[in-house]
Amino acid sequence: MNAVLIVIELFLMLYGQLVIGPPGSGKTTYCHAMSEFLRGLGRRVAVVNLDPANENLPYEPSINVSSLITVEDVMEKGKLGPNGGLIYCMEFLEENITWLLEELQNFKDCYLLFDCPGQVELYTHHESLQKIVSVMMKSGFSLSAVHLVDSHYCCDPGKFVSVLLLSLNTMLQMEMPHINVLSKADLVEKHGKLHFNLDFYTEVLDLQELVELLSDDAILGRYKKFNKALLELVENYSMVSFHLLSIQSKECMSKVLQVADKANGYVFGINEEDRNIQNLLSCAMGADFEDAKIADIREKYVSMDSKHVEGYASQGR
């Protein structure tokens, strides 16, 4: 591909986040909130809409793939359905990656947020988006994937297993620095009581407890050996963990940003005067203790008084 030969004329690395995840996980809302949060920190930000089906944007995109191609046009002219149309659009963008690289040259001094489509096939086994990211990273971009999943799936053990497999598959397929995020954490209680403490879902430990819980289900109990094998697969890779996010919480936004900046290397760069030795040491040493990642959510949204303790207690935890 000739696009690989196109190298953006920079002396400084371009940093950003590729915001991915299933439909309804809050990708567009996150991009809007994170862009405002970054501007509040004094960073220059460019939001890139890579979803050719996303028409109602709460932000003004710096680059919009819809100016190149839209799902609506593809469906009309190619007689395709929504899923087939979206895949065609991503393949078209892959073939015309020079357009995206040329557009991005106008934002050399910005931190980039890429708002991606919600079709999970694009992250689990289709190759176009992975190839697009690969070309970008060869062209001078340093990106981290921020994979959003709605936190309400934690309330259903079977759905949480699906989330674990989706997250692991996406990490393996995309082949880039990656963090998983449980979005809408402030609303988790509205979907029912959790069977375990919050750290069970964020740290993804002791998954055999989940096997026993699934065995109590009238339908899923028939597949105990299969469920056990799936969860052992997740544990053996030892790659999946989650950070909690509520866009209403500055503390949550700051923690997710810190992890994403560490993953894409922004904190180790030399582009900003405020990247001092203290920030570098803090990230290098992992200064955020694990319990601190969920402390603010637990205190604000999951009051641990007597009426909630029973619902959030797990066997042996």
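## Salt bridges

In this predicted model, Glu-212 has a relative accessibility of 43% and counts as partly exposed. Lys-224 is partly exposed as well, with a relative accessible area of 37%. These two residues form a salt bridge, with 3.7 Å between the closest N and O atoms. The pair links distant parts of the chain, 12 residues apart: Glu-212 belongs to helix H9 (residues 208-215) and Lys-224 to helix H10. The whole structure holds 6 salt bridges, of which two others are described here.

Asp-261 and Arg-43 form a salt bridge in which the closest N and O atoms are 2.6 Å apart. Asp-261 is buried, at a relative accessible area of 2%. Arg-43 has a relative accessible area of 16% and counts as buried because the limit is under 20%.

Glu-36 and Arg-39 form a salt bridge with closest N and O atoms 3.5 Å apart. Both residues lie in helix H1 (residues 27-40), 3 residues apart, or about one turn of the helix. An α-helix has 3.6 residues a turn, so residues three or four places apart point the same way. Glu-36 is partly exposed, at a relative accessible area of 47%, and Arg-39 is partly exposed at 39%.

## The sheet

The model contains an open sheet of 7 strands in the order E3-E2-E4-E1-E5-E6-E7, with parallel pairing. Strand E3 (63-64) and strand E7 (242-244) are at the edges; each has a single partner strand, so one side of each has no neighbour in the sheet.

Within the sheet, strand E2 (residues 45-49) and strand E4 (residues 111-115) pair in the parallel sense over 5 bridges. Val-47 has Leu-113 in E4 as its bridge partner. Helix H7 (residues 157-174) lies across strand E1 (14-20), strand E5 (141-150), strand E6 (178-183) and E7, and runs at about 165 degrees to E5.

Cys-110 is placed in the loop between helix H4 (97-104) and E4. Is Cys-110 buried or exposed? Its relative accessible area is 9%, so Cys-110 is buried, the limit being under 20%.

Leaving aside residues up to four places away in sequence, Cys-110 touches Leu-14, Tyr-15, Arg-44, Val-45 and Ala-46. Cys-110 and Tyr-15 are 95 residues apart in sequence, while their C-alpha atoms are 7.9 Å apart in space.

## Buried faces of H4 and H6

In H4, the buried residues are Ile-97, Trp-99, Leu-100, Leu-101 and Leu-104. What covers these residues includes E2, E3, helix H3 (82-95), E4, H6 and E5.

Helix H6 (residues 128-138) has Ser-128, Leu-129, Gln-130, Ile-132, Val-133, Val-135 and Met-136 as its buried residues. Just after H6, Gly-140 takes a positive phi of about 110 degrees.

## A nonpolar surface patch

Which residues form a nonpolar patch on the surface? They are Leu-172, Leu-233, Tyr-237 and Met-239, which together have about 330 Å² of accessible area. Leu-233 lies in helix H10 (residues 224-237). At 39% relative accessibility, Leu-233 counts as partly exposed.

How values were computed:
Residues are numbered from 1 along each chain as its sequence is written. This is a predicted model: local features need pLDDT of at least 70, side-chain atom pairs count only at pLDDT 80 or more; totals for chains, interfaces and linings use all residues. Side-chain values use heavy atoms; hydrogens and water are left out. Patches are made of residues with over 30% relative accessible area and no salt bridge: like charges are joined within 9 Å, nonpolar side chains (Val, Leu, Ile, Met, Phe, Trp, Tyr) within 5 Å. Accessible areas come from the Shrake-Rupley method with a 1.4 Å probe; for residues, only the protein chains shown count as cover. A salt bridge is a side-chain nitrogen of Lys or Arg within 4 Å of a carboxyl oxygen of Asp or Glu. Helices (H or I, at least four residues) and strands (E, at least two) are DSSP runs, numbered from the N terminus. Buried means under 20% relative accessible area, exposed over 50%, partly exposed in between (1.4 Å probe, protein chains only). Two strands pair if DSSP finds at least two bridges between them. Contact means heavy atoms within 4.5 Å. Axes are lines fitted to C-alpha atoms, for helices over the stretch in contact, and angles run from 0 to 180 degrees between N-to-C directions.
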